[in-house]
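I set out to record two things from this entry: the surroundings of the ligand and the contact between the chains. My notes are kept brief.

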Amino acid sequence: MPSLEIDNVKKSYDNFQALKGVSFRAEPGEFVVMVGPSGCGKSTLLRSIAGLETISSGAIRIDGRDIAHDDPSQRGVAMVFQNYALYPHMTVAQNMGFALKMAGRPKAEIDAAVQRAAQILRITEHLEKKPKALSGGQKQRVAIGRAITRSPDVFLFDEPLSNLDAALRSQMRIELGRLHAELKATMVYVTHDQTEAMTMASRIVVLNAGQIEQTGTPLELYNRPTNRFVAGFLGTPRMNFFAGRVVRQDGSAISVQLPGVDLNLDLTLEGEGPGVGGEIVLGARPEALDGAGGIEIKGTTAVVENLGREALVYVDTGALRTFDSESQEGYVAVHRPYQVEARFGAHTSIRLDASRLYAFGPDGRSIAFPRSL
Amino acid sequence: MNGRTRLVAIGMHLILTVWTIFVLAPIGLMLISAFKSQAEIFTKPLSLPGSLNLSAFQRAWNIGIGSFMLNSLLVTVLSVAVIITTSGLAAYVLARSEAKVMKWLYILIIASFAIPVQSVLVPLYQMVSGGHMLNSQLGIVLPYAAFGIPFTTVLFYAFFLEFPRELEEAARLDGCSRLQIFFRIVVPLSGPVVASAAIFQAVFNWNEFLLALMMLTEKSVRTLPVGIYGLTTQYSSDWPAIMAALTIATLPLLILFILAQRHFVRSLAGLGK
Ligand SMILES: Nc1ncnc2c1ncn2[C@@H]1O[C@H](COP(=O)(O)OP(=O)(O)O)[C@@H](O)[C@H]1O
Ligand SMILES: [Mg+2]
């Protein structure tokens with residue numbers, strides 16, 4: 001299995017820079033998920049790798065060979081599109097065998113490759129159908145099958161599950177995981193859905209505004225995000241962010257004051273802090289606010305989202321408000337690992353434990369992490 | 001549906017009904033006259049024919065409708081083929097090219113709509129005559145194609161702009177060249193627009209009169225409209241035969257239209273995007 005290396009790739013449309021120097025490496029057989037908000041340049045990067053866009057500068061290497069200026073069909077990549085892009089006038093088998101046919105391979109070889117891919121994807125009984133006779137999930141399988149038949153060096157997926165309903169999507173996530181294990185191929189998978197990234201990736205690349213924010217395994221990124229963007233992007237619901245002020249600093253030990261919280265929070269800095277009197281942002285994952293330690297802050301229940309075994313509770317704490325969060329009113333999101341009777345206005349509380357908080361400097365970089373991480 | 005929209009709907013249908021009768025009346029008159037005798041046409045012009053008399057059709061056929069029809073068929077098929085091929089290729093390039101000059105070319109093509117046939121009759125005649133193509137079917141096919149290509153190009157252009165780009169991109173990854181993408185992916189999926197363009201141009205060229213009258217003066221190369229026009233002066237006494245000839249001339253298009261009207265309406269409705 002070959003590796004894929006993206007080296008300082010830049011891409012401009014007229015006077016808009018969609019990719020501002022992107023570099024990463026997918027090791028042989030790795031499943032890399034590129035995740036980022038919509039419009040951040042994911043498709044542009046994937047299409048550049050495929051050869052559907054011409055990059056402005058940089059290199060794209062497969063097994064060390066720069067393919068950035070090769071013809072798309074000569075790059076050894078296969079792409080699965082968001083809306084399947086199956087040829088409507090061809091049968092499933094013809095769709096899957098088209099690339100081999102264009103390459104002038106003998107019919108027996110094409111048939112064998114199509115059969116093999118169809119077996120892997122369990123679509124053998126649909127081979128003679130036209131795409132319009134298939135459901136969305138089946139179409140996406142055919143699209144994946146079309147990629148498999150070509151036995152490419154690198155598979156590229158551009159949000160392949162976003163047209164499917166939720167149930168089918170989680171089923172296909174598992175299916176794709178199995179496929180990757182079976183083919184042991186190098187895959188680059190693009191999505192705006194952080195759940196897909198967290199569940200499927202062996203490594204995540206977080207892209208934002210044409211630049212890579214951070215690269216790492218799902219847990220590395222979740223536990224030690226390099227900045228506020230990554231911290232907020234991974235994890236649902238989002239991390240709660242609170243604006244505070246540094247009131248005391250002694251070496252790397254600081255005390256932070258939050259509005260509506262009587263006691264100061266003591267944190268240990270790993271990076272450069274803003275200094276005494278400076279503004280600082282504290283971050284708390286919803287699951288870090290339910291527990292026994294730390295300071296209790298009383299509030300009332302604003303919204304309860306019951307998930308069955310557990311619940312998400314949005315708490316109105318009065319003075320302590322979150323910003324840049326899912327709730328516009330600044331309610332604090334708390335994850336309760338038990339069932340909660342939904343009652344608007346009921347008294348409840350959150351617990352702020354300094355040892356479970358993140359801190360971010362004025363430039364958004366992470367400067368403190370929960371003590372256990 | 002509330003009262004107001006209902007009233008509007010009724011009004012619209014009324015207008016359309018009147019319009020349809022207005023359009024169909026001459027055709028109906030042509031049809032019933034073809035079955036009448038000469039005397040009947042003048043004594044009872046609006047009544048149904050007394051008996052189903054097919055002799056007029058036989059007479060019409062004998063005075064050369066057969067060869068006119070063959071000429072019409074040849075000219076129409078050839079010109080439509082030239083128009084579809086040229087416009088298809090041109091529109092695809094226009095729709096896919098990012099070069100600025102293509103935008104200007106497109107505007108130029110649209111501007112050429114504004115040129116009426118009548119205004120270029122004389123130079124056109126001189127050109128065809130200079131090319132020694134008077135009284136040849138090819139001589140008429142080329143001007144027909146020239147007048148059909150701009151409209152058809154615009155029709156195809158609108159269609160190609162809407163054509164899903166991912167299909168072409170998938171084909172590129174699958175190893176198709178530009179030309180292969182066009183012929184293996186785009187063309188097979190262009191059935192509806194080709195059908196409507198073909199019908200539209202076929203109707204137009206089948207019925208075309210002015211250019212044909214000018215350039216096809218020998219009886220052996222005349223198309224139906226000119227041929228039948230010739231009959232009116234030559235056989236002015238035989239109205240049933242002329243009506244029968246017109247009926248024969250109308251029939252092929254009518255059948256074509258009824259078979260493919262769905263395509264026709266759909267693609268015209270998509271125009272102007
Ligand atoms: N052909 C193009 N011309 C101009 N701008 C483009 C073009 N394609 C994409 N862009 C811009 O580049 C940015 C990244 O687009 P894209 O890669 O499609 O984002 P994503 O796939 O992450 O949602 C967007 O702001 C988009 O508007
Ligand atoms: Mg995209």
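The entries below take the ligand site, then the interface, and I note that the model is predicted.

**Ligand site**

I listed the residues around ligand 1 and found Tyr13(A), Phe16(A), Ala18(A), Pro37(A), Ser38(A), Gly39(A), Cys40(A), Gly41(A), Lys42(A), Ser43(A) and Thr44(A). By class, I counted five nonpolar, five polar and one charged residues in this shell.

I then looked up polar atom pairs. A nitrogen atom of ligand 1 lies 3.3 Å from a polar side-chain atom of Tyr13(A). For oxygen atoms of ligand 1, I noted a distance of 2.6 Å to a polar backbone atom of Gly39(A) and one of 2.5 Å to a polar side-chain atom of Thr44(A). Ligand 1 alone exposes 560 Å², and the protein buries 59% of that.

In chain A, β2 (16-26) and α1 (42-50) are the elements that give two or more residues to the shell. The largest share, three residues, comes from α1(A).

**Interface of chains A and B**

I found 21 residues of chain A in contact with 15 residues of chain B. The buried area is about 1700 Å², with 64% from carbon and sulfur atoms. On the chain A side, Tyr87(A), His89(A) and Met102(A) lose the most area, together 32% of what that side buries.

I recorded two salt bridges across the interface; one of them joins the side chains of Arg150(A) and Asp174(B) at 3.9 Å, N to O. Eight residue pairs are in polar contact. Both α1 and α2 (92-102) of chain A supply at least two residues each to the side touching chain B, and α2(A) gives the most, with four. I sorted that side into 13 nonpolar, four polar and four charged residues.

Terms used: Residues numbered from 1 in each chain as written. Chains lettered and ligands numbered in written order. Predicted model: local features only at pLDDT ≥ 70, side-chain atom pairs only at ≥ 80, totals over all residues. Heavy atoms only, no water. Near = heavy atom within 4 Å. Polar contact = N/O pair within 3.5 Å; in protein donor to acceptor, adjacent residues only side chain to side chain. Areas by Shrake-Rupley, 256 points an atom, 1.4 Å probe, with all protein chains shown as cover. Nonpolar A, V, L, I, M, F, W, Y, C, P; charged D, E, K, R; others polar. Contact = heavy atoms within 4.5 Å. Buried area = accessible area lost by both parts, 1.4 Å probe. Salt bridge = Lys/Arg side-chain N within 4 Å of Asp/Glu carboxyl O.
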